[in-house]
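Welcome! Have the sequence and the structure open beside you, and let's take a short tour together.

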Amino acid sequence: MSEHTEHTGDDHGHSGSAHGSGAHHELTDSLRLNKADLGLSTKAFAVGGIALGLAVVLGGGPFGKQFQHSYLTAYMWGFSIALGALWWVTLQHLVNARWSIVVRRLAELMAQGVVPMAILSLPLLVPVLTHNDTLFSWLDHEKLHHARSKEVYLNPSFFIARMAFYFVFFIGLAAFWLKKSREQEKGGGVELTKRLQSTSAPTMIVLALTITFCAIDFLMTLDPIWFSTIFGVYYFTTCVLTFHSTLALFAMWLQKKGHVTSAVTTEHYHDIGKMMFAFIAFWTYIGFSQFMLIWYANIPEETHWFKDRLEGSWLPASLILAATHFVIPFFGMMSREIKRNKTTLRFWAIWILVVCWFDMYWLVAPNLHKHGMAIGATDILSWIGVAGLLMGYVLLRAKDTTLIPTGDPRLGRSLSFQNI
Amino acid sequence: MSDSEQTSNSAAPLYGVLAEYDTPTALVKAARKVRDAGYRRWDTYTPFPIHGIEKDMGITMTKLPWFVLVMALVGMATGTLFQYWTNGIDYRWLISGKPFWSWPANIPIIFEMTILFSAFGALGGMLFLNNLPLPSHPLDLKERFRRASDDKFFLVVEASDSKFDDKETRDLLGGTAPVVLEDVLEDRITSSVVPRALMYSMVILGAASLVPFALFAQSRSAKSREGRLHVVWDMDFTPAYKAQEGNILFGDQRAMRAPPLGTIAQGHLEEDDHMFTGKVGDSYAIGLPSSITATEATMLQGKQQFGIYCAPCHGLGGEGNGMVNERASTLKQGWVPPSNLHQQYIKEQPAGQLFGTITNGIRNMPGYAAQIDPDERWAIVLYLRALQKSRAASVDELSDADRAQLK
């Protein structure tokens, strides 16, 4: 940090952006993980691997019906964190955000999670290649007969081609943002930063479309008859929620381990908390919009999806989802003090991560357990498995970089950031 | 401000002491001193917002969020109860078979009302907490103070503060290195009440805004010989002719123009007499038209259409015992029962005649040309033939499997 800041500080063209409102901040925090911290990565890999192995055994083998559904639930939950991070980094460049620079590197690292997610997608994609309709019933032509016209879209080769495109794009973009962010440290300065802003605009359009279709392909096609045009946005809200919750927990963990102690302040946590709160409301807005239009129009091919979720023990499950994903966190997170207090913010971050998993479960499981909710060991073990492997990989990637993008010309603004 | 004005105010009591600074840093330092000295009634004035100065001034968190929360809940309750009352009690109207009070349909309005009331709460609460509107303020009379919106930074301690002391307070502010330290006198010139003209115009506007509601209420309760008000004249009286109106421009004085003789709409060319009338020449056709083939699909289509249109009267088996017949017979109101379709004379009718009967009706039975497409009518004929056959087939005509089942 020091060398570069001194340089920009002397340079008149840059000095404005490197300073806050009058105060000049020196960054003296620990900015690198040490060996002891990386032990968590190993542990996470081990726990995740064992949990996933047990889930395969308990769930009836890698292509067993129970395992496939439990795994998809866990997979989409983990994927949402990486996708949320990817979206968020793109957004920060797009809007020329200043407050967020001190935590942007953490998000850049979390976005690298798309790499393990690409590998972890194999258990879901192999059945598609082998026309095994355990999970996706559209692979069986007989079951698709009500929606024959969808064959143009729902066929194994096009499905796999789309997946290939998504993952190439996601991995490429995640690598691109991290690489450019590190180039800033070598002295790209303002010019590079401006270029990244221009890049982020078209990128955001492609990202919006890929996340949307990714959600449609992985989740909506579980029921090949049903369709909802807002479904991509619904999954996107989960991405934003799980990402911000994980970001808050990541930063808290780093500070506990003695890193970035003065750089990340209450002000940054407050903003992360605001995003969590806002997207709690946005999730409800989107989820209810989806429900209300379908409920009002009452067309059989749309209504059956909700009917599945409002009968038997799925009715209390849906009500619990509405309460835990909206009413309780909405009123619980409303106060400014709660978002500015690390203990309460940590509580709500964990809460959101859990209810977002339950939301994924609510999307996937009725496809298997038509007659009632049944959360089992396979569901929980798959969840731990995906979470462990994702966490292990992200921490491993954090090894070779600083934890703050010290080369960003807006860093000073972020360090001195104050909520009004 | 003229000299005479200042002179006339010179006898006014002390409002407070004003300190002027050149830089925000000096102001912030002074603010911390005043805060630590324990003063309550004082304020700072700056040309631009200084982030974090509220901490230096010891200002605690605003109560405004509570105003917003309470108003939001009031808005939510208003939206819920009002829609419950209108939909569920006052004006019950069945919409697409849903319960009179269907809460999901109310959520958007409840949401909007919550937002609207929150905004009112935020605006009203902000004005209330800031003592606004404030028609006059002693600082308005200070020529020097005008630069608070330009390039100077001010701190004013009010004389009404319980800690205020003529000497001590001046010493305290003097120790913060102000550029200028001056007294501010109470404003005895500007009226502290809201100007009359503004009050009156607000009252008049308020009253005028009630006029439309009064008119609505009046017209709801009173009878009138006048026609209704036409607010949008063009839409109520369009120059375009409507269906069934007269138009003297045409010889037949009809606004609706008949298509020229022999005109056929696209897709309505019905050349095949067999297909569309059931006749070949003057006599009824014996078999199906060439475009209809006796397949499993046609048979199923016929079964479905028969079940929809024929079975209510003729019965699912065609014996003339459908539910309509059963009910009508018990009512004994001169009901002509539908025919049993297994009667010999109907079995002997050619296919074209059956088609004609479905198309044009017979005796009490209306024609179904408007409801059932020609190909579907032929499918019904095919199904009917199968029904008739099912009551009269001999054992020899059955397949081996069916015969085995009978044994």
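Here is a briefing on the chain contact, the domains, the strands and the nonpolar cores.

This is a predicted model, in which local features need pLDDT of at least 70, side-chain atom pairs count only at pLDDT 80 or more, and totals for chains, interfaces and linings use all residues. Residues are numbered from 1 along each chain as its sequence is written, while chains are lettered from A and ligands numbered from 1 in the order in which they are written.

**Where the chains meet**
- On chain B, 6 residues are in contact with 8 residues of chain A; contact means that the C-beta atoms, placed from the backbone, lie within 7 Å.
- The side of chain B that touches chain A has 3 nonpolar residues, 3 polar ones and no charged ones.
- For that tally, Ala, Val, Leu, Ile, Met, Phe, Trp, Tyr, Cys and Pro count as nonpolar, Asp, Glu, Lys and Arg as charged, and the others, Gly among them, as polar.

**Domains of chain B**
- Chain B is split into domain 1 (1-204) and domain 2 (276-406), with bounds from an automatic or database domain assignment.
- Between the C-alpha centres of these two domains of chain B there are 84 Å.

**Strands of chain B**
- Strand E3 of chain B (residues 153-158) has 5 of its 6 residues buried, that is, with 20 or more other C-beta atoms within 10 Å of their own C-beta atom, which is placed from the backbone; 12 or fewer would be exposed, and in between partly exposed.
- Strands (E, at least two residues) and helices (H or I, at least four) are DSSP runs, numbered from the N terminus.
- E3(B) runs antiparallel to strand E1 (residues 14-21) of chain B, joined by 6 bridges, and antiparallel to strand E2 (residues 42-45) of chain B, joined by 4 bridges.
- Phe154(B) in E3(B) is the bridge partner of Glu20(B) and also of Tyr45(B).

**A residue in helix H7 of chain B**
- Ile204(B) sits in helix H7 (residues 196-221) of chain B.
- Ile204(B) counts as exposed because it has 10 C-beta neighbours inside 10 Å.

**Nonpolar cores**
- The largest nonpolar core has 104 residues, and Ala82(A), Leu86(A) and Met276(A) are among those touching the most other members; such a core is a set of buried Ala, Val, Leu, Ile, Met, Phe, Trp, Tyr and Cys residues joined through C-beta atoms within 7 Å.
- Helix H4 (residues 65-94) of chain A gives this core its largest share, 16 residues.
- A second, separate core of 20 residues includes Leu18(B), Tyr21(B), Phe153(B) and Val156(B).

How values were computed. Contact = placed C-beta atoms within 7 Å. Pairing = 2+ DSSP bridges.
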